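Open the model in your viewer and keep the sequence panel beside it. The stops below say what to select and what is there.

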Amino acid sequence: MKPYRKVAVIGAGLTKFMRRALETGRELSFYAAKEALSSSGLKFKDIQSVVMATAPDAFDGVHMKGEYLADGAGGFKRPYMRSYVGGGSGVFAIIHGWYMVASGMFDTCLVVAEEKMSSCQPHPQAAFNSIYDHTLERPLGVNLLWIFALEMQRYMHVHKISEEEIALVSVKNKKNALDHPSAQVAEEVTVKDVLNSEIMAWPVRRLMVSPTSDGAAAIVLAAEHIARRVSEKPVWIEGIGWCLDTSFWTNRDLYYPDYVEKAARMAYEMAGIKEPSKEIHIAEPYDPFAYKELHHMEGLLLCKRGEAAKLTAKGVTQRNGDLPVCPSGGLLGVGNPIAAAGLMKVCEIFWQLRGEAGKRQVPGNPKRGVAQAWGDLMQVGTVVVLGI
Amino acid sequence: MKEQRVGIIGIGAVPARSASPDVSYREMIFEAAQKAYYEAGIEPEQVDTFVCLSEDFNEGVSIFDEYVPDQLGAVLKPVHTICGDGLYGIASVFMQIRTGVFQIGVVEAHSKLSNIVIRGKVEEMGLEPLYTRWTGLHSYFIAGLEMRRFLYETGIKEEDCAEVVRRFKENAIFNPLAAYPSRISTEDVLNSRKIATPLKELDIAPQADGAVVLVLAREDAVRSLKRDAVWIEGISFFTGEPHIDSRDFGRASYAELSARKALEMAGIKNIRKEVNLAEICDVFSYKALQHIEAIGLAKKGESGMLLREGFFDFNGEIPVNLSGGYMGIGAMSEATVLYQVLEVVKQLRGEAGNRQVKNAKVGIVQSWRGIPTSSGATLILGV
Amino acid sequence: MKVRGKDLKKDDFERTIKIEYHPKLLYAWDAGYAVGKFLQGLKEGKILGIRCRKCDRILVPPRAFCELCFVPLDEWVELKDTGRVNTFSISYISWDVRRLEKPEIPAVIEIDGASPGIGILHLLGEVKPEEVKVGMKVKAVWKKESERIGAITDILYFKPLKGEE
């Protein structure tokens, strides 16, 4: 079913992604929101609604975190809503903003994603153990790394993928991020560096993991009649999709993300895309761990199952390749303030399609891009297709 | 292109209880979902989108969204969580259906507040960490501040607030889903333990466990399913002043703003003449009166007097909280308001039995997210 | 494009005025019908599963309804306490990011008697990390009967079953 109304992205903004920000969550939201607003051509009084995406409350240590962050994001005497799908929230934010505007209830929406993980001491990762089942899993002393390592192991086992092939993703993304102004962990590393980095939870090594970060991102959405009036190059939301799998993750085969495929199919159908590998010019799949980029490339139907590693080795996914993947530098290079990271990918596609990505610009006038985020217990896929 | 209407075609709830040790939240939600789908005449495969409402710290689980799909039959379907009360969930599904992409949507809310050992410590986490939490006070102090200011600005008395508690708990006697139906006197309320004056223990709605699921559908789906829908005539949600330092304590700005928008959407010019019954948020006794005035059912300062005169009783001009409200049903964070929606739906369908309001055609439901927020929504239903 | 934000270096962070808050978040979760019975089974030294009559899957951890068929379940099945490793990891980091001398080995173990691919999360023990393989057959090592309380930790870990491939 096609939506009745068209919605466009007309502005985007980011903060630096940092290990420990001096600013509070509210201040970070404000920086990103202000930047997005000033690049959009609209004034704050033109913003009719605000959407906030932010991941677990446990990081900031504030219950009902959405309400706490509201004023930083512009949610003052305005309709304001917070959506939450774990790590998928960053891309879900634009989907949420999309349905706010596409429904006809609002003509404009300011979408903000924020994360302040550093408040959680002694280490933010510890807060993640509360995502596991409280009765049947937590008593085992669970660790966030376990679930990624278990999935990575399964993926490598089923498709016979080597550690070297996976390390290539870290090398590519960390290098791409050197050109990103917000980047936290951009650097030149070699496959050898990655494979020599300490084992955290085998097969996951330190240089295959994105860091914990503080940061915020924001975009401005507008209905067609407003977008055409105020923006020279509106970027249209052509397709959206999202999908959540069962919480019984130990009953699933983790080697393939069905939930990403279903979400992608929903988005491609809406966008009228029949052959994603040919019709998508840039992809920004979620890459919290190096193997995840490959895993998600397959879920996004950009290549056949088990083929993503081969494409990466051939250089197809480099910025000047046939299908640039994570030209921004992704989470591995720029940083991982969970919700903001997803929206950062949307911002990247926005700038790339408008030719405004500076040193990161993918050549050849890309017209269509896909951004995807993932979250929960290997469960949720959120996908957006943007076009110009 | 004429906009299709969106209606509620099924709603299922488990009886609210002070504690529910024999069932897990999954099992409670499964029961509510089965009831809702049966009433709507659908299987979960036919649902296009699911919206669930929850807050992590209330559940004791980070990313509670993970645990939602199974008991709704929503595996590998579009599901997401909204951090808001029941009416926010309805607004979300309403908007999704209005995009033209979705036809049938489900809203779910539940409460297992009995599983929180020290509730006050969770509520404390809701306070702003740098400027407010350091006081070490129970978050109820904000309600105390608000109540004091509200009574001062309106001239309403504590006795009027006590009347709210008495009447709504009595209304709950006729609601089989309510957890706290009772007959108490206003003296009981006035003499109850001081919490954060003028707030007393019985001015606070007691917490409960429960689960409720709604099915919403677009007009064409309602026709093809051959159901009678209760239509959403107006819906709006607002956040007023998120932090207590910039808040006007006497007023419920979120209620004023959302009610105005919702009534405008429904084409209602005079709420007292065109609305037949109301369900408002009474999680604190004084809030009921503040909300009644905020949505326009009474002029500033009048609500106490009208309440005492029986204006809002079952036999009055505009019955309010026939469900029992939070005082009678129980305070279930996001879920209580959907029990109130259930009441209005029953009334508009003519299924409210011995508490049926005659000629009920239009109902209004108003919500508030609770302390320390200034967020709430308003919903107008009609047949 | 302006990107703002002040990144605190480690020394800055040590010197900045900090407010410490120690949350006290205690929960007593109701296990409910299905998980409650499962825990009771663990106390008795059994792993229980539940069968869906519609899709014929035998599921563990048990649940009161089949999430795919959306029907209530009530046919309990006693499963074996052996299984096969579906996937595993060797973790040198604890849950709060401390380095471990002796690594932990979490694994998803498909339980014998349940449908294929249906597993539970648990730990492996009495095995060298380099010897763990996907598909390895393992058996539960239980706590002494007097020490079992009806929790997933009534199983200490799963160890390799010798002589089986």
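## Confidence first

In chain C the lowest mean, 84, belongs to helix H1 (residues 10–15), and the highest, 97, to strand S1 (residues 47–51). Helices (H or I, at least four residues) and strands (E, at least two) are DSSP runs, numbered from the N terminus. The average pLDDT over chain C is 93, and 98% of its residues score at least 70. The model scores are ipTM 0.96 and pTM 0.96.

This is a predicted model, in which local features need pLDDT of at least 70, side-chain atom pairs count only at pLDDT 80 or more, and totals for chains, interfaces and linings use all residues. Residues are numbered from 1 along each chain as its sequence is written, chains are lettered from A and ligands numbered from 1 in the order in which they are written, and side-chain values use heavy atoms, with hydrogens and water left out.

## The three-stranded sheet of chain C

Select S1, S2 and S3 of chain C. They form an open antiparallel sheet in the order S2-S1-S3; two strands count as paired if DSSP finds at least two bridges between them. Strand S2 (58–59) and strand S3 (75–79) are the edge strands, each pairing on one side only. S1(C) and S2(C) are joined by two bridges, and Ile50(C) stands opposite Leu59(C) in S2(C).

Contact means heavy atoms within 4.5 Å. Axes are lines fitted to C-alpha atoms, for helices over the stretch in contact, and angles run from 0 to 180 degrees between N-to-C directions.

## The five-stranded sheet of chain C

Next, select S4 and S7 to S10 of chain C. The order in this open sheet of five strands is S8-S7-S4-S9-S10, with antiparallel pairing. At the edges are strand S8 (119–123) and strand S10 (155–160), each pairing on one side only. On average, neighbouring strands are turned by 45° against each other, direction ignored.

Zoom in on S4 (residues 82–88) and S9 (residues 137–142) of chain C, an antiparallel pair with three bridges. Gly83(C) has Val138(C) as its bridge partner in S9(C). Then show helix H5 (residues 144–159) of chain A, which lies across S4, S7 (106–111) and S8 of chain C and runs at about 90° to S4(C).

Select His296(A), in helix H11 (residues 290–299) of chain A. His296(A) counts as buried because its relative accessibility is 0%; buried means under 20% relative accessible area, exposed over 50%, partly exposed in between (1.4 Å probe, protein chains only). Not counting residues up to four places away in sequence, His296(A) touches Pro257(A), Val260(A), Pro285(A), Tyr286(A), Gln372(A) and Trp374(A).

Move to Gly329(A), in the loop between helix H12 (308–314) and helix H13 (330–334) of chain A. Gly329(A) also has 0% relative accessibility and so counts as buried. Leaving aside neighbours within four places in sequence, the contacts of Gly329(A) are Asn173(A), Asn176(A), Ala177(A), Asp287(A) and Val334(A).

Note on methods: pLDDT = per-residue confidence, 0-100.
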